[in-house]
Amino acid sequence: MAETTSAATLTATDVTMAYQTQRGHTVLALDRVSLDVRRGEFVSLIGPSGCGKSTLLYILGGLRRQSSGEIVLDGQRVTGPTPRKVGFVFQDYTLFPWRTIISNVEVGLEFRGIGKRERRERAEHNLDLVGLGAFANAYPSELSGGMQQRVAIARALSMDPEILLMDEPFGALDEQTRTVLGEELARILEKTGKTIVFVTHSLSEAVFLSDRVVVMSARPGRIKEILTVDEPRPRQPDFSTSRSFTDLRNGLFELLHEEVRAATLAEMSGAGGDGRRG
Amino acid sequence: MSTDQTAPPVTGIAVHDRGAGSAPRRRPLSGTRLGVIAVLVVWLGAWELTVRLGLISSTFAAAPSEIAVAMVDLAGNAGVRAAFVGAIGMFLVSFAIAAVTGVLAGVAMGLSKIVYRVFHPVVLGLFSTPKMIFIPIFILVAGFGVVSKISYGAVSGFFPVAVTVTAGVRMVDRRLLLAARSMGASRLQALRGVVVPGSLPAVMAALWYGMKHALLGVLIMELFASQEGIGHYIGLYTSTFRTDRVFALVLGLAIFAILLGSLWRWQEKRLSRWRGSHG
């Protein structure tokens, strides 16, 4: 917990999200969720599928509008995307297939209206940072999933936001790639000093990367508990085999298990289970 | 779209180069190409032979050699030349109209849910209706002249363009739009940066359908209602049993259509280089 003592940068207060299904049911996805994210902190959101953790992430970044409640970023209410302060990394990479890798990393700066020379310099710097400088002129379809996600991270970093919101960034990758990318991410983040909110399904990933792990309950999504991981960053690979890691992971498993069980049973009985991801 | 790429992707190039030594200046004929030529030669030879031997009356099917002579003949005929130029001109105008209106309508239906709900069923219904049944109405309203041919060609081309562009715009990946929005893209930037390149393959396909249907429309109208133009000549030569000339005219139109198609495919390939695997 190096720099987590400063005041909160991103605050959610009583955020509630309800939406109508096609059949006219009202589903409560998030129920009065309050959360403080402090500068420099790495916070993971974890919970059973459909608990609204991705929805919460999108609301935090202004990509979706909550039904009620408030998001405040650096003292200002969030009502839409704020690309200067908040960057996104999505689960399915979302690179533009018709652009080369370097041009994909530049695209956000292009939207911002930054000149070509500066754009290219910043893109090259960030592409080197994720170790893909050699692939500048390739197209996304020529890269593996893990490489594409590193490009997406470079794209978000090149816009130099204070906060990075990551929606299961390694969710589509295999376990080995996932572990290596997690270590990579820890290394990169240490250099850039960003504040991170990270949605994940993986207990190990959450414990390995986070300062705090927010455990959410099955729908309607509420914050069930917040675990603190008291281990200095950057985390070293051998942390994942240490006693404290195992204890934390087991504790997290206990907390999640009942929730996942409840969510699965609810889905099987069809109550409110309309197949939507949260 | 980015125009500043320095090197084309490596995967898009399929070279069948088995030859050793220095690179040949001309590409050697591939097996498929040789096959096509062989089939053509055999087919034309058989045709020529059956006509020459009198197996088929030359009143109904002129021999290829006769058709070739007729083509040269007709190329020297100012009336026929004018008819060709006229037909191509009418086709170009009707295709231009179909392309512009069809793309605009398709983009509007693709982007706006309300426009889609109101107009798409109508457009789709008319698209599936054979346009031929409206020909008498076109003639009634616009007569036998240029206007009825151009408008019928344009209407024929409009529907496939509008329907295909609508589908293309609607299929643009929403996740890419969300990503663009998260990076602060304005509506215009999202349109130019995501919707346009994302639907470009569909738009190219749409324009190709539109081109085919506009050409078909103009030519059908030519045959139906023509006091001049290619339709007139085809009718004239058919009724006077000059099948060599009829075939010559039809072949001329076919060559035009084939050239148009090749030009289009070349252009399409150039524009979608990023799709890599399409060789």
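Here are a few worked exercises on the two-chain structure above.

This is a predicted model, in which local features need pLDDT of at least 70, side-chain atom pairs count only at pLDDT 80 or more, and totals for chains, interfaces and linings use all residues. Residues are numbered from 1 along each chain as its sequence is written, while chains are lettered from A and ligands numbered from 1 in the order in which they are written.

**Exercise 1. Work out how compact chain A is for a globular protein of its length.**

Step 1: Chain A has seven helices and ten strands; helices (H or I, at least four residues) and strands (E, at least two) are DSSP runs, numbered from the N terminus.

Step 2: The C-alpha trace of chain A spans about 55 × 45 × 40 Å along its principal axes, and 46% of the 278 residues are buried. Buried here needs 20 or more other C-beta atoms within 10 Å of a residue's own, exposed needs 12 or fewer, and partly exposed is in between, with C-beta atoms placed from the backbone.

Step 3: check the contacts (C-beta atoms, placed from the backbone, within 7 Å). Of those in chain A between residues at least 6 apart in sequence, 73% join residues at least 24 apart.

**Exercise 2. Trace the six-stranded open sheet of chain A and find its edge strands.**

Step 1: write down the order. It goes 6-7-8-3-9-10, with mixed pairing; two strands pair if DSSP finds at least two bridges between them.

Step 2: pick the edges. Strand 6 and strand 10 (223-228) of chain A each pair on one side only.

Step 3: get the twist, which averages 15° from one strand to the next. Angles run from 0 to 180 degrees between N-to-C directions, and axes are lines fitted to C-alpha atoms, for helices over the stretch in contact.

Step 4: follow the bridges. Strand 6 (residues 86-89) runs parallel to strand 7 (residues 163-167) of chain A, joined by four bridges, and Val89(A) stands opposite Met166(A). Strand 7 then pairs with strand 8 (residues 195-200) of chain A, again in the parallel sense, over five bridges. In that pair, Asp167(A) has Val199(A) as its bridge partner.

Step 5: look for cover. Helix 7 (residues 243-268) of chain A packs on the sheet and touches strand 3 (42-46), strand 9 (212-216) and strand 10, making about 175° with the direction of strand 10.

**Exercise 3. Decide which residues lie on each face of strand 6 of chain A, and whether they are buried or exposed.**

Step 1: recall the rule. In a regular strand the side chains alternate between the two faces of the sheet.

Step 2: apply it. Val86(A) and Phe88(A) are on one side, Gly87(A) and Val89(A) on the other, and all are buried, with both faces covered.

**Exercise 4. Describe how helix 2 of chain A is enclosed, and by what.**

Step 1: count. Nine of the twelve residues of helix 2 (residues 101-112) are buried, so this helix is largely enclosed by the rest of the structure. Among the buried ones are Ile101(A), Asn104(A), Glu106(A) and Leu109(A).

Step 2: list the partners. The buried residues pack against helix 3 (116-129) and helix 4 (145-158) of chain A, together with helix 8 of chain B.

Step 3: see what follows. Next comes Gly113(A), with a positive phi near 90°.

**Exercise 5. Classify the crossing of helix 8 and helix 10 of chain B.**

Step 1: take the geometry. The two axes come within 11 Å and cross at roughly 170°.

Step 2: classify. That makes helix 8 roughly antiparallel to helix 10 of chain B; under 35 degrees counts as roughly parallel, over 145 as roughly antiparallel, 65 to 115 as roughly perpendicular and the rest as oblique.

Step 3: name the contact residues. They include Trp208(B) and Leu215(B) of helix 8 and Leu260(B) and Trp264(B) of helix 10.

How values were computed
The radius of gyration is taken over C-alpha atoms; the globule rule is 2.2 Å times the number of residues to the power 0.38. Two residues are in contact if their C-beta atoms, placed from the backbone, lie within 7 Å.
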